[in-house]
Amino acid sequence: MPSGDIVETEAAAEGLTKSPLLVLDRVRSFLDEHGLGSGDLRARRIGEGGGSNFTFLLERDGGPFVLRRPPRPPLPPSAHDVVREARLQLALRAAGFARLPTIVAVCVDESVLGVPFYVMTYLDGYVPTDELPPGLEDELARRRLGDDLVDVLVEIHAADVTTPGLAAFARPGSYNERQVRRFAQLWDINKTREIPKVEEVGAWLGDNVPKPLPPTAVHGDFRLGNTMVTLDEPSRIAAVLDWEMGAIGDPRADVGYLLATYSEPGGTPNPLGTSPVTAQPGFPSKEELVERYVGRSGRAVEQLHWFEGLALWKAAVFCEAIYGRFVRGELGAEDERAARFEEGVPYLADAAFGAISRA
(Lines give C-alpha, C1' and ligand atoms only; values in the text may rest on other atoms or scores of the structure.)
Protein backbone atom coordinates (compact mmCIF):
# COMPACT_ATOMS: atom_id res chain seq x y z
CA MET A 1 0.00 0.00 0.00
CA PRO A 2 1.38 3.45 -0.87
CA SER A 3 2.19 5.67 2.09
CA GLY A 4 3.35 9.24 2.69
CA ASP A 5 0.83 12.05 2.25
CA ILE A 6 -1.09 10.38 -0.60
CA VAL A 7 -2.78 7.30 0.88
CA GLU A 8 -2.88 6.48 4.58
CA THR A 9 -4.74 4.49 7.17
CA GLU A 10 -6.65 6.52 9.75
CA ALA A 11 -4.06 5.91 12.47
CA ALA A 12 -1.15 7.01 10.29
CA ALA A 13 -3.05 10.04 8.97
CA GLU A 14 -3.35 11.52 12.45
CA GLY A 15 0.41 12.13 12.58
CA LEU A 16 0.73 13.95 9.28
CA THR A 17 1.14 17.72 9.01
CA LYS A 18 -0.37 17.66 5.52
CA SER A 19 -3.71 15.86 5.25
CA PRO A 20 -3.56 12.70 3.10
CA LEU A 21 -5.52 12.67 -0.12
CA LEU A 22 -6.99 9.29 0.78
CA VAL A 23 -7.62 7.60 4.15
CA LEU A 24 -8.19 3.92 3.44
CA ASP A 25 -10.12 3.08 6.61
CA ARG A 26 -12.72 5.74 5.89
CA VAL A 27 -13.00 4.95 2.20
CA ARG A 28 -13.43 1.26 2.97
CA SER A 29 -16.28 2.06 5.36
CA PHE A 30 -17.92 4.27 2.72
CA LEU A 31 -17.68 1.51 0.12
CA ASP A 32 -19.10 -1.02 2.58
CA GLU A 33 -22.06 1.25 3.31
CA HIS A 34 -22.85 1.43 -0.40
CA GLY A 35 -22.36 -2.27 -1.09
CA LEU A 36 -19.34 -1.68 -3.32
CA GLY A 37 -17.13 -4.70 -2.97
CA SER A 38 -15.82 -6.31 0.20
CA GLY A 39 -12.66 -7.07 2.12
CA ASP A 40 -9.32 -5.31 2.24
CA LEU A 41 -8.81 -2.16 0.19
CA ARG A 42 -5.75 -1.16 -1.81
CA ALA A 43 -5.42 2.20 -3.55
CA ARG A 44 -3.02 3.97 -5.86
CA ARG A 45 -3.00 7.26 -7.71
CA ILE A 46 -3.74 7.08 -11.44
CA GLY A 47 -4.00 9.66 -14.20
CA GLU A 48 -2.04 12.83 -14.74
CA GLY A 49 -0.74 14.83 -11.80
CA GLY A 50 -0.40 18.56 -11.61
CA GLY A 51 -2.84 19.72 -8.97
CA SER A 52 -6.29 19.46 -10.50
CA ASN A 53 -8.77 16.85 -9.28
CA PHE A 54 -7.16 13.58 -8.17
CA THR A 55 -8.12 10.09 -9.29
CA PHE A 56 -7.41 6.83 -7.46
CA LEU A 57 -7.78 3.19 -8.41
CA LEU A 58 -9.46 1.26 -5.57
CA GLU A 59 -8.92 -2.51 -5.57
CA ARG A 60 -10.86 -5.00 -3.46
CA ASP A 61 -13.06 -8.08 -3.92
CA GLY A 62 -16.01 -7.11 -6.08
CA GLY A 63 -14.10 -4.20 -7.61
CA PRO A 64 -12.15 -2.43 -8.90
CA PHE A 65 -13.49 1.12 -8.59
CA VAL A 66 -12.19 4.62 -9.23
CA LEU A 67 -12.45 7.49 -6.73
CA ARG A 68 -12.23 11.15 -7.79
CA ARG A 69 -11.67 13.99 -5.33
CA PRO A 70 -10.53 17.64 -5.42
CA PRO A 71 -7.14 18.93 -4.20
CA ARG A 72 -6.59 19.87 -0.59
CA PRO A 73 -8.40 23.04 0.55
CA PRO A 74 -8.40 25.99 0.31
CA LEU A 75 -9.94 26.01 -3.17
CA PRO A 76 -10.93 28.94 -5.42
CA PRO A 77 -14.67 29.72 -5.49
CA SER A 78 -16.70 27.38 -7.74
CA ALA A 79 -13.59 25.36 -8.71
CA HIS A 80 -13.04 21.60 -8.30
CA ASP A 81 -16.73 20.90 -7.58
CA VAL A 82 -16.68 17.12 -7.97
CA VAL A 83 -20.27 16.72 -6.76
CA ARG A 84 -21.45 18.97 -9.57
CA GLU A 85 -19.18 17.08 -11.98
CA ALA A 86 -20.76 13.78 -10.97
CA ARG A 87 -24.31 15.09 -11.25
CA LEU A 88 -23.64 16.51 -14.70
CA GLN A 89 -22.45 13.11 -15.92
CA LEU A 90 -25.50 11.41 -14.44
CA ALA A 91 -27.72 13.97 -16.17
CA LEU A 92 -25.92 13.49 -19.49
CA ARG A 93 -26.42 9.74 -19.34
CA ALA A 94 -30.13 10.26 -18.63
CA ALA A 95 -30.27 12.65 -21.61
CA GLY A 96 -28.91 10.05 -24.00
CA PHE A 97 -25.11 10.42 -23.97
CA ALA A 98 -23.68 7.06 -22.94
CA ARG A 99 -19.91 7.28 -23.51
CA LEU A 100 -19.24 7.94 -19.84
CA PRO A 101 -17.91 6.16 -16.76
CA THR A 102 -20.64 4.68 -14.56
CA ILE A 103 -20.93 6.63 -11.30
CA VAL A 104 -22.01 4.41 -8.41
CA ALA A 105 -21.78 6.67 -5.34
CA VAL A 106 -21.38 10.35 -4.48
CA CYS A 107 -20.17 11.49 -1.03
CA VAL A 108 -21.08 14.99 0.13
CA ASP A 109 -20.10 14.26 3.76
CA GLU A 110 -16.77 16.06 4.17
CA SER A 111 -16.04 14.24 7.43
CA VAL A 112 -14.93 11.21 5.39
CA LEU A 113 -11.98 12.80 3.53
CA GLY A 114 -12.31 16.50 4.31
CA VAL A 115 -13.76 17.10 0.81
CA PRO A 116 -16.59 15.61 -1.27
CA PHE A 117 -15.78 12.81 -3.73
CA TYR A 118 -17.44 10.30 -6.01
CA VAL A 119 -16.84 6.68 -7.00
CA MET A 120 -17.10 5.11 -10.46
CA THR A 121 -16.81 1.61 -11.82
CA TYR A 122 -13.40 0.93 -13.35
CA LEU A 123 -13.02 1.10 -17.14
CA ASP A 124 -10.25 -1.09 -18.51
CA GLY A 125 -8.92 1.12 -21.25
CA TYR A 126 -6.18 3.44 -22.45
CA VAL A 127 -5.98 7.24 -22.35
CA PRO A 128 -4.07 8.42 -25.46
CA THR A 129 -1.66 11.16 -24.43
CA ASP A 130 2.07 10.67 -25.16
CA GLU A 131 1.70 7.22 -26.75
CA LEU A 132 -0.91 5.29 -28.70
CA PRO A 133 -2.06 1.79 -27.71
CA PRO A 134 -1.53 -1.26 -29.92
CA GLY A 135 -3.91 -1.33 -32.87
CA LEU A 136 -3.25 2.22 -34.04
CA GLU A 137 -0.06 1.57 -35.96
CA ASP A 138 -1.53 2.37 -39.39
CA GLU A 139 -2.82 5.68 -40.67
CA LEU A 140 -6.35 4.45 -41.39
CA ALA A 141 -6.82 3.39 -37.77
CA ARG A 142 -5.54 6.74 -36.55
CA ARG A 143 -7.91 8.52 -38.94
CA ARG A 144 -10.84 6.55 -37.52
CA LEU A 145 -9.87 7.62 -34.00
CA GLY A 146 -9.56 11.27 -35.07
CA ASP A 147 -12.95 11.12 -36.77
CA ASP A 148 -14.53 9.53 -33.72
CA LEU A 149 -13.11 12.30 -31.56
CA VAL A 150 -15.28 14.70 -33.55
CA ASP A 151 -18.25 12.34 -33.59
CA VAL A 152 -18.29 11.97 -29.81
CA LEU A 153 -18.26 15.77 -29.48
CA VAL A 154 -21.26 15.93 -31.82
CA GLU A 155 -23.00 13.37 -29.58
CA ILE A 156 -22.33 15.48 -26.48
CA HIS A 157 -23.76 18.54 -28.17
CA ALA A 158 -26.81 16.55 -29.29
CA ALA A 159 -27.84 15.61 -25.72
CA ASP A 160 -31.29 16.99 -24.91
CA VAL A 161 -30.67 19.95 -22.62
CA THR A 162 -34.41 20.26 -21.90
CA THR A 163 -34.38 17.05 -19.84
CA PRO A 164 -34.82 17.85 -16.14
CA GLY A 165 -31.31 16.77 -15.16
CA LEU A 166 -29.49 18.90 -17.74
CA ALA A 167 -31.95 21.80 -17.53
CA ALA A 168 -30.90 22.17 -13.88
CA PHE A 169 -27.44 23.20 -15.10
CA ALA A 170 -28.70 25.96 -17.41
CA ARG A 171 -28.09 29.51 -16.25
CA PRO A 172 -29.63 32.75 -17.50
CA GLY A 173 -27.58 35.14 -19.60
CA SER A 174 -24.66 34.59 -21.95
CA TYR A 175 -22.38 31.61 -21.28
CA ASN A 176 -19.60 33.34 -23.23
CA GLU A 177 -19.83 36.53 -21.15
CA ARG A 178 -20.02 34.48 -17.97
CA GLN A 179 -16.85 32.54 -18.87
CA VAL A 180 -14.87 35.73 -19.41
CA ARG A 181 -16.18 37.28 -16.21
CA ARG A 182 -15.57 34.19 -14.10
CA PHE A 183 -12.02 33.58 -15.28
CA ALA A 184 -11.11 37.25 -14.94
CA GLN A 185 -12.21 36.97 -11.31
CA LEU A 186 -10.26 33.72 -10.91
CA TRP A 187 -7.15 35.39 -12.29
CA ASP A 188 -7.35 38.02 -9.56
CA ILE A 189 -7.56 35.19 -7.01
CA ASN A 190 -5.01 32.82 -8.58
CA LYS A 191 -2.20 35.03 -9.85
CA THR A 192 1.20 34.79 -8.19
CA ARG A 193 2.79 37.50 -10.36
CA GLU A 194 1.88 40.16 -12.90
CA ILE A 195 1.47 38.84 -16.46
CA PRO A 196 0.09 41.74 -18.54
CA LYS A 197 -0.85 39.55 -21.54
CA VAL A 198 -3.38 37.66 -19.40
CA GLU A 199 -5.19 40.87 -18.56
CA GLU A 200 -4.93 42.18 -22.14
CA VAL A 201 -6.48 39.03 -23.58
CA GLY A 202 -9.21 38.99 -20.94
CA ALA A 203 -10.12 42.61 -21.72
CA TRP A 204 -10.28 41.91 -25.48
CA LEU A 205 -12.42 38.82 -24.99
CA GLY A 206 -14.81 40.80 -22.82
CA ASP A 207 -15.11 43.55 -25.45
CA ASN A 208 -15.70 41.16 -28.36
CA VAL A 209 -18.08 38.48 -27.04
CA PRO A 210 -19.80 36.61 -29.93
CA LYS A 211 -23.55 36.28 -30.00
CA PRO A 212 -24.40 32.87 -28.55
CA LEU A 213 -25.57 29.81 -30.44
CA PRO A 214 -28.47 27.74 -29.06
CA PRO A 215 -27.09 26.11 -25.90
CA THR A 216 -25.83 22.55 -25.65
CA ALA A 217 -24.01 20.49 -23.08
CA VAL A 218 -20.36 21.65 -23.09
CA HIS A 219 -17.45 19.57 -21.79
CA GLY A 220 -15.10 22.52 -21.33
CA ASP A 221 -11.83 20.55 -21.58
CA PHE A 222 -12.47 18.43 -24.66
CA ARG A 223 -9.34 16.81 -26.11
CA LEU A 224 -8.10 13.33 -26.91
CA GLY A 225 -6.23 13.15 -23.59
CA ASN A 226 -9.56 13.36 -21.74
CA THR A 227 -10.95 10.30 -23.47
CA MET A 228 -10.45 6.56 -23.09
CA VAL A 229 -10.29 3.84 -25.73
CA THR A 230 -10.43 0.10 -25.18
CA LEU A 231 -7.59 -2.19 -26.17
CA ASP A 232 -9.89 -4.34 -28.32
CA GLU A 233 -11.28 -1.31 -30.21
CA PRO A 234 -8.66 1.46 -29.92
CA SER A 235 -9.98 3.48 -32.86
CA ARG A 236 -13.25 4.19 -31.04
CA ILE A 237 -13.67 6.33 -27.92
CA ALA A 238 -15.28 4.36 -25.09
CA ALA A 239 -15.66 7.18 -22.58
CA VAL A 240 -15.14 10.91 -22.15
CA LEU A 241 -13.47 11.77 -18.83
CA ASP A 242 -12.84 14.83 -16.62
CA TRP A 243 -16.08 16.84 -16.65
CA GLU A 244 -14.94 19.43 -14.11
CA MET A 245 -15.46 22.29 -16.58
CA GLY A 246 -18.76 20.94 -17.94
CA ALA A 247 -21.77 23.22 -18.32
CA ILE A 248 -24.65 24.22 -20.56
CA GLY A 249 -23.30 26.76 -23.00
CA ASP A 250 -22.08 27.62 -26.49
CA PRO A 251 -20.92 24.50 -28.39
CA ARG A 252 -18.20 26.53 -30.14
CA ALA A 253 -16.39 26.66 -26.80
CA ASP A 254 -15.64 22.94 -27.14
CA VAL A 255 -14.71 23.20 -30.82
CA GLY A 256 -12.38 26.12 -30.12
CA TYR A 257 -10.81 24.32 -27.17
CA LEU A 258 -10.26 21.19 -29.27
CA LEU A 259 -8.48 23.24 -31.94
CA ALA A 260 -6.40 25.16 -29.39
CA THR A 261 -5.16 21.95 -27.74
CA TYR A 262 -4.75 19.83 -30.89
CA SER A 263 -1.45 19.04 -32.57
CA GLU A 264 -2.13 18.37 -36.24
CA PRO A 265 0.15 16.31 -38.51
CA GLY A 266 2.85 18.53 -39.94
CA GLY A 267 1.93 21.41 -37.65
CA THR A 268 3.50 22.94 -34.58
CA PRO A 269 2.91 21.42 -31.12
CA ASN A 270 -0.10 22.86 -29.33
CA PRO A 271 0.66 25.37 -26.54
CA LEU A 272 -0.54 23.09 -23.74
CA GLY A 273 1.53 20.16 -24.96
CA THR A 274 -1.46 17.84 -24.54
CA SER A 275 -2.00 14.63 -26.52
CA PRO A 276 0.97 15.07 -28.89
CA VAL A 277 0.11 11.73 -30.52
CA THR A 278 -2.32 13.48 -32.89
CA ALA A 279 0.68 14.92 -34.75
CA GLN A 280 1.28 11.45 -36.22
CA PRO A 281 0.31 10.83 -39.86
CA GLY A 282 -3.28 9.73 -40.35
CA PHE A 283 -4.91 12.00 -37.78
CA PRO A 284 -7.12 14.74 -39.29
CA SER A 285 -5.92 18.29 -39.73
CA LYS A 286 -7.60 21.06 -37.76
CA GLU A 287 -9.49 22.10 -40.88
CA GLU A 288 -10.76 18.54 -41.33
CA LEU A 289 -11.90 18.44 -37.69
CA VAL A 290 -14.01 21.54 -38.24
CA GLU A 291 -15.39 20.27 -41.55
CA ARG A 292 -16.47 17.00 -39.98
CA TYR A 293 -18.02 18.76 -36.99
CA VAL A 294 -20.04 21.11 -39.20
CA GLY A 295 -21.14 18.25 -41.47
CA ARG A 296 -22.15 15.93 -38.63
CA SER A 297 -23.77 18.54 -36.38
CA GLY A 298 -25.33 20.80 -39.04
CA ARG A 299 -24.11 23.71 -36.92
CA ALA A 300 -22.15 26.73 -38.19
CA VAL A 301 -19.11 27.62 -36.10
CA GLU A 302 -17.97 31.13 -37.03
CA GLN A 303 -15.62 33.21 -34.86
CA LEU A 304 -13.62 30.18 -33.73
CA HIS A 305 -10.53 32.34 -33.14
CA TRP A 306 -12.38 34.01 -30.25
CA PHE A 307 -13.08 30.60 -28.75
CA GLU A 308 -9.50 29.41 -29.31
CA GLY A 309 -8.28 32.54 -27.53
CA LEU A 310 -10.77 31.92 -24.72
CA ALA A 311 -9.54 28.33 -24.35
CA LEU A 312 -5.87 29.28 -24.08
CA TRP A 313 -6.59 32.22 -21.77
CA LYS A 314 -8.66 30.01 -19.45
CA ALA A 315 -5.83 27.45 -19.48
CA ALA A 316 -3.40 30.17 -18.39
CA VAL A 317 -5.66 31.13 -15.49
CA PHE A 318 -6.24 27.52 -14.48
CA CYS A 319 -2.55 26.60 -14.69
CA GLU A 320 -1.63 29.65 -12.61
CA ALA A 321 -3.89 28.27 -9.87
CA ILE A 322 -1.98 24.98 -9.97
CA TYR A 323 1.34 26.83 -9.98
CA GLY A 324 0.21 28.87 -6.97
CA ARG A 325 -0.56 25.73 -5.00
CA PHE A 326 2.87 24.41 -5.96
CA VAL A 327 4.81 27.48 -4.81
CA ARG A 328 2.82 27.59 -1.55
CA GLY A 329 3.76 23.97 -0.85
CA GLU A 330 0.20 22.67 -1.05
CA LEU A 331 1.07 19.93 -3.55
CA GLY A 332 2.98 16.76 -2.82
CA ALA A 333 6.29 15.66 -4.24
CA GLU A 334 4.39 13.63 -6.84
CA ASP A 335 3.22 16.86 -8.47
CA GLU A 336 6.61 18.48 -9.12
CA ARG A 337 5.55 18.86 -12.76
CA ALA A 338 3.51 21.88 -11.67
CA ALA A 339 6.82 23.79 -11.51
CA ARG A 340 6.76 23.98 -15.30
CA PHE A 341 3.92 26.50 -15.12
CA GLU A 342 6.41 29.19 -14.03
CA GLU A 343 7.18 29.52 -17.74
CA GLY A 344 4.10 27.71 -19.05
CA VAL A 345 1.54 30.29 -17.94
CA PRO A 346 3.21 33.25 -19.72
CA TYR A 347 3.60 31.00 -22.78
CA LEU A 348 -0.13 30.21 -22.75
CA ALA A 349 -0.93 33.91 -22.39
CA ASP A 350 1.22 34.66 -25.45
CA ALA A 351 -0.54 31.88 -27.39
CA ALA A 352 -3.95 33.26 -26.42
CA PHE A 353 -2.85 36.69 -27.61
CA GLY A 354 -1.75 35.15 -30.90
CA ALA A 355 -5.13 33.44 -31.34
CA ILE A 356 -7.15 36.63 -30.85
CA SER A 357 -4.77 38.51 -33.14
CA ARG A 358 -5.99 36.28 -36.00
CA ALA A 359 -9.64 37.18 -35.35
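These questions and answers cover the fold of one predicted protein model.

In this predicted model, local features need pLDDT of at least 70 and side-chain atom pairs count only at pLDDT 80 or more, while totals for chains, interfaces and linings use all residues. Residues are numbered from 1 along each chain as its sequence is written, and side-chain values use heavy atoms, with hydrogens and water left out.

Q: How many helices and strands does the protein chain have?
A: Both are DSSP runs, numbered from the N terminus: helices are H or I with at least four residues, strands are E with at least two. On that basis the protein chain has eleven helices and eleven strands.

Q: What radius of gyration does the protein chain have, and why does it agree with a compact globule?
A: The radius is taken over C-alpha atoms, and the globule rule is 2.2 Å times the number of residues to the power 0.38. The C-alpha atoms fill a box of roughly 55 × 45 × 40 Å along the principal axes. For 359 residues the rule expects a value near 21 Å, so the chain agrees with it at 20 Å.

Q: What percentage of the residues in the protein chain is buried?
A: Buried means under 20% relative accessible area, with a 1.4 Å probe and protein chains only. Of the 359 residues, the buried share is 52%.

Q: Why is strand β4 largely enclosed, and how many of its residues are buried?
A: Strand β4 spans residues 54-61. The rest of the structure largely encloses β4, because the buried count among its eight residues is six.

Q: Which residue of β4 is the bridge partner of R42?
A: Two strands pair if DSSP finds at least two bridges between them. Strand β3 (residues 38-46) runs antiparallel to β4, with six bridges joining them. The partner of R42 in β4 is E59.

Q: Which elements do the buried residues of α8 pack against?
A: Helix α8 (residues 252-260) is mostly covered, with nine of its nine residues buried. Among them are R252, D254 and Y257. Contact means heavy atoms within 4.5 Å. The packing partners are α4 (139-158), α6 (175-190), β8 (216-218), α9 (286-297) and α10 (304-327).

Key: Buried means under 20% relative accessible area, exposed over 50%, partly exposed in between (1.4 Å probe, protein chains only).
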